Amino acid sequence: MLGFILRRAGLVIPTFLGITVLVFALIHMIPGDAVEALSGERGMDPARYARLVHEFGLDRPLYVQYLDYLGQVLRGNLGASISTHEPVLSEFLTLFPATLELSFCAMLLALLVGLPAGILAAVKRNTFLDYTVMGVSLTGFSMPIFWWALLLILLFSVTLGWTPVSGRIDILYDFPPVTGFMLIDSLLSGDAGAFKSALSHLILPTIALGTIPLAVVARMTRSAMLEVLREDYVRTARAKGISRLRVITIHALRNALIPVVTVIGLQVGTLLAGAILTETIFSWPGIGKWLVYAIQRRDYPVVQGGILLSASIIILVNLSVDILYGVINPRIRRST
Amino acid sequence: MSLLEIQNLRVEFGPEKSPFRAVDNLDLNMEQGEIVGIVGESGSGKSVTALSMMGLIDYPGRVRAERMTFAGRDLLGMPERERNSMLGKDIAMIFQDPMTSLNPCFTVAYQLMETLRVHQGGSKKELRAQALALLQQVEIPDPETRLNAYPHQLSGGMSQRVMVAMAIACNPRLLIADEPTTALDVTVQAQMLELLLQLQRERGMALMLISHDLSVIAQTAQRVVVMYAGQVMEAGRVPDIFNAPQHPYTQALLASLPEYNVGRERLKTIPGVVPGQYDRPGGCLLNPRCSYAADVCRTTRPALSTTPATSAAQVRCHFPLGSDGLPTGHVR
């Protein structure tokens, strides 16, 4: 098992290098540069422009800029934002808990609803329940996030007034950010109202962001369960006199989870991408909103650093999914 | 009271109005400690019969019978909880393909101990000791290590031994072995049969041996039931049936054994295949493939009747074969 983990972890290095190249190349292919963006509509005189370009090191050959960038990254220095002059890493670390909290809740929703829904649909296949679950999940999967989020806001916030429209918490509440996770921090503050407020702010973004993963998990679980339920070992389990519930939740589900876990890992990418839209619509102060803002300002270090860090998170999540895969599926451990 | 009594079992699939009968009008009795062989080509309803006894025929399949009891308990009407308490304990089953019959996600120990835990309970330590003893009884080399193995680390023969260990874990009164040797190497087949017979003798359990291989049945069973297209064609004691088959189908099956074809260039075969849902013939189900078929065979389905020749035997034929191997009272 340890060898398996090490082999998998070794694959992280080339992937990471690949991402740094991509990120670096991508941002330099976009027309315009940071100095132009900084100067705004009034423009600036060529001498000052040249001086600034030189100051930022933008006049050096691309590969020098890249190697310089890589060297800095490996030393943990992602540079400073051109617009705020704050280190990219510290900005990221301040904002990331908000995104993590939202993504975590969205994934939790997807699993808590998607897995049972998929299992039920498979066990009750070709019934009204099955068709309902699959129909609803297809609709959810096809719904563009920005549209779905607006619909949710219109219904629950504007018409019914049940939930707040945007932000993470009411401005009335003020407590020290201990962990950066609003739910935990508000609990730590000991103020029940603060926790309630944080929770109510979280509900709609969670639904908006969690719908697509939920649909994917439900459909994947259903098809994996359907396949597994036909397997010989399920018949063996039933012939042993094990209760139906145990056959489904232990013998069948354990095998069906193997493809589902893979899909869950892939959904983390979808979550971070979806977070950009969700955070923008709900004014959620996370890295999605931060990145959109940085792209608009051509804030190279922020965009580079933000994408690099997001990509690294996805790599790490996929690594843990691979390891988890090995835990669930004993055949993987030795064969690779 | 017989251990197992089945009267007029029907297993149907497909639409209610024109169902496909995988098993049709099947009668079967088994006594305590008896070995009964069920033989027939693929698609003759052997496995479906066994699965219907275990309650493993799922909707939309339908199982009906006038009577289907095990030790006096009604197998058809019993609630699921009661059935589960009986499956794996009083009736156990092993399957054709051992490599896919064990759950790939769990160790041998887990799967063995699960059966024991469900039916008798006990501490983890006791269960593990019992599991180890079971592996020793099925003669698995190095059982201590095998306990922690996953199914993909076992060979086919080893997996089937684990399946057998699991099946005998709770001392069943009836063991159903559905083609237990078919997926195994020839060298392992004989060992597996020997193991099954030995366990049957030691424990006095009844053994239902399902096979398409007549020679397997001949070596092991006391009685044999020959099935074709979901019906019993012939049933009786093994020596009677193998020496003097009364049904043309049994005769043809025997004639296609390599042992009966020594010196020939090609093995004798039975032309055609077992009829499926859409090509079931009228009259006797065998008539398109029977070399003796007469007009009455094409119009009237024969009943399963006890024959005067040997009182223990039953045959479903208008013209049962005589001791000379030729049909009696036959008019073409």
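Guide: The model is predicted: local features need pLDDT of at least 70 and side-chain atom pairs count only at pLDDT 80 or more, while totals for chains, interfaces and linings use all residues. Residues are numbered from 1 along each chain as its sequence is written, and chains are lettered from A and ligands numbered from 1 in the order in which they are written. Helices (H or I, at least four residues) and strands (E, at least two) are DSSP runs, numbered from the N terminus. For exposure, a residue is buried if 20 or more other C-beta atoms lie within 10 Å of its own, exposed if 12 or fewer, and partly exposed in between, with C-beta atoms placed from the backbone.

S5(B) has strand partners, where pairing requires that DSSP find at least two bridges. One of them is strand S1 of chain B, residues 4-13, which pairs with S5(B) in the antiparallel sense over 4 bridges. The hairpin of S5(B) and S6(B) has 2 residues between the strands, and B:Ala71 takes a positive phi near 50 degrees.

Chain B as a whole is divided into domain 1, 4-221, and domain 2, 228-315; such bounds come from an automatic or database domain assignment. The C-alpha centres of the two domains of chain B lie 27 Å apart. Contact between them takes 19 residues from domain 1 and 14 residues from domain 2, two residues being in contact if their C-beta atoms, placed from the backbone, lie within 7 Å. On the domain 1 side, strand S2 (20-30) and helix H9 (214-220) of chain B are the elements that give two or more residues. S2(B) supplies the largest share of that side, 8 residues. By class, the domain 1 side holds 7 nonpolar, 8 polar and 4 charged residues; Ala, Val, Leu, Ile, Met, Phe, Trp, Tyr, Cys and Pro count as nonpolar, Asp, Glu, Lys and Arg as charged, and the others, Gly among them, as polar.

Chain B also has an open sheet of 8 strands with mixed pairing, in the order S7-S8-S9-S3-S10-S11-S13-S12. Strand S7 (91-94) and strand S12 (305-306) of chain B stand at its edges with a single partner strand each, so one side of each lacks a neighbour in the sheet. Strand S3 (residues 35-39) and strand S9 (residues 206-211) of chain B run parallel and are joined by 5 bridges. In this pairing, B:Ile38 stands opposite B:Ile210 of S9(B). Helix H1 of chain B, residues 46-54, packs on the sheet and touches S3, S7, strand S8 (174-178), S9 and strand S10 (223-228) of chain B; its direction makes about 145 degrees with that of S9(B). Helix H7 of chain B, residues 156-168, also packs on the sheet, touching S7 and S8 of chain B, and its direction makes about 175 degrees with that of S7(B). For these angles, axes are lines fitted to C-alpha atoms, for helices over the stretch in contact, and angles run from 0 to 180 degrees between N-to-C directions.

The contact of the two chains takes 20 residues from chain A and 25 residues from chain B. On the chain A side, helix H11 (232-239), helix H12 (244-281) and helix H15 (330-335) each supply at least two residues, and H11(A) gives the largest share, 7 residues. That side of chain A has 6 nonpolar, 6 polar and 8 charged residues.

Of the 336 residues of chain A, 37% count as buried. One of the buried residues is A:Trp290, which has 25 other C-beta atoms within 10 Å and is found in helix H13 of chain A, residues 287-296. Leaving aside neighbours within four places in sequence, A:Trp290 is in contact with A:Glu91, A:Leu95 and A:Gly306.
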